[in-house]
Structure formats: structure tokens, C-alpha cells
Amino acid sequence: MNWSQFDLAMTDSRYLSGAMVFRDEPRMPIQTVLDNLDDGMTPEQIAEAWQIDLRLVTRVKEFAESQRLAHSVR
């Protein structure tokens with residue numbers, strides 16, 4: 001998945017060995033949100049469990065779905 005076009009994400013070797021994290025606090029790995037979604041958690045459950053803004057979780061979910069759809073069409 002190409003996260004370079006996701007405006008809320010960044011990589012920096014100072015944060016979690018260069019893993020893709022949220023640009024603003026919390027510097028949480030985006031993969032954690034994806035893993036929890038794949039495990040069946042709702043965006044609301046993830047936001048509550050990790051104490052992050054629901055909008056961040058929703059944007060990750062929407063972006064990942066758009067990327068998956070784009071790749072499945074090819």
C-alpha cells in the first residue's frame with residue numbers, strides 16, 4: 001500500500017525505526033490501526049482502546065479501502 005499519498009502519515013527514523021506513523025501526535029504506527037481493523041475492531045473501539053481521535057482511525061480506514069480497491073481493479 002502506498003502511504004506516501006496519505007497526508008496524515010509520515011516516516012522518520014527517529015520514530016519507531018521508520019515505521020509509518022501519524023504525522024501529528026500520537027506517533028502511533030498506522031499498521032496498528034490496520035491490524036485492529038483486520039481483526040474486526042470497529043473504528044470506535046480502536047479510537048477508545050488507543051485513546052486516539054476517531055477521525056484518524058476513520059481516515060486510515062477510508063484510505064486503506066481506496067488503495068485496496070484501486071489495486072484490485074488492475
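I will walk through the overall fold of this chain, then its nonpolar core, and then its surface and charges.

Please keep in mind throughout that what we are looking at is a predicted model. The protein chain has 3 helices and 2 strands, and, read from the N terminus, these elements follow the order β-β-α-α-α. The radius of gyration is 12 Å, close to the 11 Å that the globule rule gives for 74 residues, so the chain is as compact as a globular protein of that length. Along the principal axes, the C-alpha atoms fill a box of roughly 35 × 30 × 20 Å. If we take the contacts between residues at least 6 apart in sequence, 39% of them join residues at least 24 apart.

Turning to the interior, buried residues account for 34% of the 74 residues. The largest nonpolar core has 18 residues, and those with the most contacts inside it are Trp3, Phe6, Phe22, Ile30, Val33 and Val60. Helix 1 (30–38), helix 2 (43–50) and helix 3 (54–73) are the elements that each give two or more residues to this core, with helix 3 giving the most, namely 5 residues.

What does Val33 touch, once its neighbours within four places in sequence are left aside? Val33 is then in contact with Phe22, Met28, Ile46, Ile52, Val57 and Val60.

Finally, the surface: the protein chain exposes about 4900 Å², of which carbon and sulfur atoms supply 48%. As for charge, there are 8 positive and 12 negative side chains, and the centres of these two sets lie 7 Å apart.

Notes. Residues numbered from 1 in each chain as written. Predicted model: local features only at pLDDT ≥ 70, side-chain atom pairs only at ≥ 80, totals over all residues. Heavy atoms only, no water. Core = buried A, V, L, I, M, F, W, Y, C linked by side-chain atoms within 4.5 Å. Buried < 20%, exposed > 50% of the residue type's maximum accessible area, 1.4 Å probe, protein only. Helix = DSSP H or I, 4+ residues; strand = E, 2+ residues; numbered from the N terminus. Contact = heavy atoms within 4.5 Å. Rg over C-alpha atoms; globule rule 2.2 N^0.38 Å. Areas by Shrake-Rupley, 256 points an atom, 1.4 Å probe, with all protein chains shown as cover. Lys, Arg positive; Asp, Glu negative; His and termini not counted. Charge placed at Lys NZ, Arg CZ, Asp CG, Glu CD.
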